[in-house]
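Reader: I have a structure open on my screen and would like to talk it through with you. Could we start with the charged pairs and then move on to other things?

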Amino acid sequence: MTDATIAKPSGLGAGVRAVSDAVLPVVAVVAAIIGLWYLACIPMNIHTALTDAERAGAVVTPAGAAERRDMGGIGLALANTEIVPDVFSQERPRLPAPHQVGMELWKTTGEMVLTGRGFSKRSLLYHAWVTLSSTVLGFLIGTVAGVGLAIGIVHSRVMNMAVMPWAIASQTIPILAVAPMIIVVLNSVGVTGILPKALISAYLSFFPVAVGMVKGLRSPGAMQLDLLATYNASQAETFWKLRMPSSMPYFFTSMKIGMAAALVGAIVGEMPTGAVRGLGARLLAGSYYGQTVQIWSALFAAAILAAVLVGLIGLIQRAVLKKMGMAS
Amino acid sequence: MESDIAANGAAQVVSESSVIVADSLDLTFQTNDGPVQALRDVNLTINRGDFVSFIGPSGCGKTTFLRVVAALEHPTGGTISVNGMSPDEARRARAYGYVFQAAGLYPWRTIAKNIKLPLEIMGYSKESQEEHVARVLKLVDLEGFGEKFPWQLSGGMQQRASIARALAFDADILLMDEPFGALDEIVRDHLNEQLLALWERTGKTIGFVTHSIPEAVYLSTRIVVMSPRPGRITDVIESTLPLERPLDIRDTPEFLAIAHRVREGLRAGHAYDD
Ligand SMILES: Nc1ncnc2c1ncn2[C@@H]1O[C@H](COP(=O)(O)OP(=O)(O)OP(=O)(O)O)[C@@H](O)[C@H]1O
Ligand SMILES: [Mg+2]
């Protein structure tokens, strides 16, 4: 009896170990990044911290902001160790400390929700929602366009040769240069609201979807195609019964890339023309007024949004492939 | 040697019972390294109900010949007819089932759904699809596996499922390209036995490519020996074995004599090569 209990590892213990095995590396990496981030704050912010301290009457070496301008941040920090803690609590730091960004994020999301102002114009949730809606709309347009193009390219030699170079060329044009033009042109013909932004998202997201789907639709081997040929299957039957199901894993992977691209497109689309809503507008406003903390919290909001959207596609991918019997 | 053919009276003359007739067939592939003559002057008549094996060293055109029959390749010279039609017409008439070397089942379809694939394309009704699936699953000894996905089956079972798929629609010609090549000896023996039983029950005409001399001799009513560069037929051996073939027939002198002749034929092909 006792032998058995000793020999068998406790179920609870094993479970905890499995979880900690999965979580520990993630926690370690995050901790390392935060540590490095705090360290980086010191040389980045020491100049302004010293200037502030000097103004407040502290003795710093060397005296005078002009004197220190060209000096290295690390050297200054070593020479003024007592001022170093100040670098983490600057009002307008070059690089805000993690806790400053975290607090700003909380202030503009959770705290506003708690006080019933979750959707006010000062709330990051509101801006995230604005960006999200045009991201998703643009992503849908881009995905439909990308899949449509891929189907054309796979089935028509002419389209393959005529469309692909243009698709590639379209992606070499810097989106930052085109985005304002798209917005201005569309506004001038009366198209306003989220559609112009969504079109920029679509412009960026159709490409990965098209490329991925071309690869996916071409993934069936010669043998699979020959098999259908012996059944005298039509092109449409070959598409629905072979090409389309074979392309599913590619489809989801390229949708993940497309979604991330669509988010970039939406943010870029919010920057020109004095937009006042959306994460892109927050970024731009932050940089106008030197509000680095606001910039960083908007950046993090965008990153979290991307993670959620891509994760969502991943969940759907899992469910669909599992239902198809193709889950690994 | 030819005079004592008893098996099924196959003869090299074109007649009513001829299913596949190849007449001075040539096929040259144009490749980047110049033309490759895969088939040269191939003359062969396959009769209804024949079990014909193709054997020969790698690159002698066995697969190519089967693909020409199935209209997957087109000859550059000579003529070939299938059921009195061109291969393309025969394909449109759904004259053959083709079994490839790899099972090639769709991973996203269950075994039953895989077998339904040709039936869906050929427009069978739902009920008759079910009927056909049940019938061929039984034929290849896979009853009860219809709802499994391919990855849940062993390689041999997958290959049987792919044979079932080729049998599901009522094509009277079955073309098989090294269907058992990747399987172990025991499974292969078992499948050979099953294939013979199936052939007897269905009366199909079978073209079968193999690298194994015992397999060819055990299964066939006729054995076509080929040699490479250019691919051509060097010998056609009529089997004198009875239709009833238990596995241990492979130890009889008669069997060994035929196997010996096949081996001689293969050797002669190689000698030409050097
Ligand atoms: N699509 C193709 N394009 C060019 N050459 C080809 C093509 N298919 C086959 N060949 C060539 O034709 C010749 C015969 O090929 P085939 O596949 O019929 O040989 P095989 O007898 O089936 O060989 P194995 O036993 O290895 O399967 C080879 O020399 C091969 O390289
Ligand atoms: Mg071959």
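Author: Let us begin with Lys116(B), which counts as buried because its relative accessibility is 12%. Please keep in mind throughout that this is a predicted model.

Reader: Okay, and which side chain does Lys116(B) meet in a salt bridge?

Author: The partner of Lys116(B) is Glu130(B), and the N to O distance in that salt bridge is 2.9 Å. Glu130(B) sits in helix α4 (residues 126-139) of chain B while Lys116(B) sits in helix α3 (residues 111-121) of chain B, so the pair ties together parts that are 14 residues apart in sequence.

Reader: Is Glu130(B) buried, exposed or partly exposed?

Author: Glu130(B) counts as partly exposed, because its relative accessibility is 44%.

Reader: What does Arg135(B) pair with?

Author: Arg135(B) forms a salt bridge with Asp170(B), and the closest N and O atoms of the two are 3.3 Å apart. Asp170(B) belongs to the loop between α5 (155-168) and β6 (173-177) of chain B, whereas Arg135(B) belongs to helix α4 of chain B, so this pair ties together parts that are 35 residues apart in sequence. As for accessibility, Asp170(B) counts as exposed at 53%, and Arg135(B) is partly exposed with a relative accessible area of 36%.

Reader: Now Glu215(B) and Arg188(B): where do they sit, and how many residues apart are they?

Author: Glu215(B) is in helix α7 (residues 213-219) of chain B and Arg188(B) is in helix α6 (residues 185-202) of chain B, 27 residues apart, so that the pair links distant parts of the chain. Their side chains meet in a salt bridge of 3.0 Å, N to O. Glu215(B) is buried, with a relative accessible area of 4%, and Arg188(B) is buried as well, at 14%.

Reader: Which residues are joined into one network by salt bridges that share partners?

Author: That network consists of Asp226(A), Arg67(B) and Glu73(B).

Reader: And how many salt bridges does the structure hold over all chains?

Author: Over all chains, the structure holds 16 salt bridges.

Reader: Let's switch to the ligand. How many residues surround ligand 1, and which are the closest?

Author: Ligand 1 is surrounded by 13 residues, and the closest are Ser58(B), Lys62(B), Thr63(B), Thr64(B) and His211(B). By class, the shell has 4 nonpolar, 7 polar and 2 charged residues.

Reader: Which atoms lie 2.6 Å and 2.8 Å from oxygen atoms of ligand 1?

Author: At 2.6 Å from an oxygen atom of ligand 1 there is a polar side-chain atom of Thr63(B), and at 2.8 Å from an oxygen atom of the ligand there is a backbone N or O atom of Gly59(B). A polar side-chain atom of Glu178(B) lies 3.5 Å from an oxygen atom of ligand 1. Taken alone, ligand 1 exposes 640 Å², and the protein buries 63% of that.

Reader: Which elements give two or more residues to that shell?

Author: Those elements are β1 (18-31), β2 (34-47) and α1 (62-69) of chain B. The largest share, 3 residues, comes from α1(B).

Reader: Last topic, chain A. Which residues make the nonpolar surface patch there?

Author: Val113(A), Phe119(A), Leu125(A) and Trp129(A) make a nonpolar surface patch of about 410 Å². Phe119(A) lies in the loop between α6 (110-114) and α7 (124-155) of chain A, and at 54% relative accessibility Phe119(A) counts as exposed.

Notes:
Residues are numbered from 1 along each chain as its sequence is written. Chains are lettered from A and ligands numbered from 1 in the order in which they are written. This is a predicted model: local features need pLDDT of at least 70, side-chain atom pairs count only at pLDDT 80 or more; totals for chains, interfaces and linings use all residues. Side-chain values use heavy atoms; hydrogens and water are left out. A residue is near a molecule or strand if one of its heavy atoms lies within 4 Å of it. A polar contact is a pair of N or O atoms within 3.5 Å; within protein, one must be able to donate a hydrogen and the other to accept it, and residues adjacent in sequence count only if both atoms are side-chain atoms. Accessible areas come from the Shrake-Rupley method with a 1.4 Å probe; for residues, only the protein chains shown count as cover. Helices (H or I, at least four residues) and strands (E, at least two) are DSSP runs, numbered from the N terminus. Ala, Val, Leu, Ile, Met, Phe, Trp, Tyr, Cys and Pro count as nonpolar, Asp, Glu, Lys and Arg as charged, and the others, Gly among them, as polar. Patches are made of residues with over 30% relative accessible area and no salt bridge: like charges are joined within 9 Å, nonpolar side chains (Val, Leu, Ile, Met, Phe, Trp, Tyr) within 5 Å. A salt bridge is a side-chain nitrogen of Lys or Arg within 4 Å of a carboxyl oxygen of Asp or Glu. Buried means under 20% relative accessible area, exposed over 50%, partly exposed in between (1.4 Å probe, protein chains only).
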